[in-house]
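Take a look at the sequence and the model below. The report starts with a pocket, then turns to strands and a core.

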Amino acid sequence: GPPAPQTPQPRQVEGFRVQIFSGSTRAAAERVRDDAVAWWTEQGGNPRELGAIVAYLQPYYRVRLGAFETREQAESALATVRRQFPEAFLVPDLVTIDD
């Protein structure tokens, strides 16, 4: 018979995220994350696909969006995000990619 279809295997790679906020309190970071999700949803996006996370890296809470394997994908997303969050910038990060 035909081979079984391949199930996508998530893999972790050194990729990029778009950082939109860094601050000293979780509450402030969560507020920015919620704003980002609301903004993305208004654009017609799926919040899950935005991948909005609050990451704690002492001493700051950071809000990061997306999970991009290549710099090109990340730069494209950054251009969009900067329309709402002008201070956004790219950060290298471990990201999980579904093939």
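The largest pocket is lined by 18 residues; Arg48, Glu49, Gly51, Gly66 and Ala67 lie nearest its centre. A pocket here is an open set of points on a 1 Å grid over the protein atoms alone, where a 1.4 Å probe fits, with protein on both sides within 12 Å along at least five of seven lines; lining residues have an atom within 4 Å of a point. β1, α2 (47–50), β3, α3 and β4 each give two or more residues to the lining. By class, the lining has nine nonpolar, five polar and four charged residues.

This is a predicted model: local features need pLDDT of at least 70, side-chain atom pairs count only at pLDDT 80 or more, and totals for chains, interfaces and linings use all residues. Residues are numbered from 1 along each chain as its sequence is written, and side-chain values use heavy atoms, without hydrogens or water.

Next come the strands. Two strands pair if DSSP finds at least two bridges between them. Strands are DSSP runs of E with at least two residues, helices runs of H or I with at least four, numbered from the N terminus.

| β1 and β4 (residues 89–98) | antiparallel | ten | Val13 with Val95 in β4 |

Now the core. Leu65 is among the residues that touch the most other members of the largest nonpolar core, which has 19 residues. Such a core joins buried Ala, Val, Leu, Ile, Met, Phe, Trp, Tyr and Cys residues through side-chain atoms within 4.5 Å; buried means under 20% relative accessible area with a 1.4 Å probe, protein chains only.

Conventions. Buried < 20%, exposed > 50% of the residue type's maximum accessible area, 1.4 Å probe, protein only. Nonpolar A, V, L, I, M, F, W, Y, C, P; charged D, E, K, R; others polar.
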